[in-house]
Amino acid sequence: MIIDTSKIRGLVASGITGYRVAQLVNVSSQSYNAYKNGKKSFDNITLVTAEELMKIVNYTLPSPIKLIAWEEGKLQSVENFNTFNELKSHLLTTDYFSWINDNEPNKPLPDFDNAKSVEDVQSILYDYNYSWWSMEVVVDEKFN
């Protein structure tokens, strides 16, 4: 993940609250508010905190297509794509699912080879949603 401190500063300067940040990622509202109120310096931000805040930056960036992974109700990853083909290529080359075989060795892993649309991908992902982990594709209609 690329860390862009100027984007993190923009996030902190925005209207997003510490409460909302704590809901989305593993950063406490107190820690976030300390950056927001100037009590903590960005010069000393930890890599872990910066990575967590970058998830929110990516989540809030305008993008035609977002692939979002959730774990225990928190953002695990957010990927932004301009086209369906970019999304499909990413899903074909990135391993999001091999951990499933640790617990369910007979469950086939998702196959995106024949996906022809975002709806096809959403349907496949739906079959692999767990109560504690899920993935979703969000399409921003403004870009269509």
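Which residues of helix H1 (residues 5-13) are buried? In this predicted model, the buried residues of H1 are Ile 8, Leu 11 and Val 12. They sit on the same side of H1, because they cover an arc of only 95 degrees around the axis.

**Helix H1**
- An α-helix has 3.6 residues a turn, so residues three or four places apart point the same way.
- Helix H3 (29-36) and helix H4 (47-60) are the elements that the buried residues of H1 pack against.

**Glu 52**
- Glu 52 is part of helix H4.
- Is Glu 52 buried or exposed? Glu 52 counts as buried because its relative accessibility is 9%, and the cut-off for buried is under 20%.
- A polar contact of 2.8 Å links the side chain of Glu 52 to the side chain of Lys 55.
- With neighbours within four places in sequence left aside, Glu 52 is in contact with Val 25, Asn 26 and Val 27.

**Largest pocket**
- The largest pocket holds about 150 Å³ of space.
- Its lining consists of Met 1, Asn 58, Gln 76, Ser 77, Val 78, Glu 79 and Asn 80.
- Strand E2 (residues 74-81) supplies the largest share of this lining, with five residues.
- By type, the lining of the largest pocket has two nonpolar, four polar and one charged residue.

How values were computed
Residues are numbered from 1 along each chain as its sequence is written. This is a predicted model: local features need pLDDT of at least 70, side-chain atom pairs count only at pLDDT 80 or more; totals for chains, interfaces and linings use all residues. Side-chain values use heavy atoms; hydrogens and water are left out. On a 1 Å grid over the protein atoms alone, a cavity is a set of points where a 1.4 Å probe fits but cannot get out, and a pocket is an open set with protein on both sides within 12 Å along at least five of seven lines; lining residues have an atom within 4 Å of a point. Grid points are joined across faces, edges and corners, and a volume is the space filled by probe spheres set on the points. Helices (H or I, at least four residues) and strands (E, at least two) are DSSP runs, numbered from the N terminus. Ala, Val, Leu, Ile, Met, Phe, Trp, Tyr, Cys and Pro count as nonpolar, Asp, Glu, Lys and Arg as charged, and the others, Gly among them, as polar. Buried means under 20% relative accessible area, exposed over 50%, partly exposed in between (1.4 Å probe, protein chains only). The arc is that of the directions from the helix axis to the C-beta atoms. Contact means heavy atoms within 4.5 Å. A polar contact is a pair of N or O atoms within 3.5 Å; within protein, one must be able to donate a hydrogen and the other to accept it, and residues adjacent in sequence count only if both atoms are side-chain atoms.
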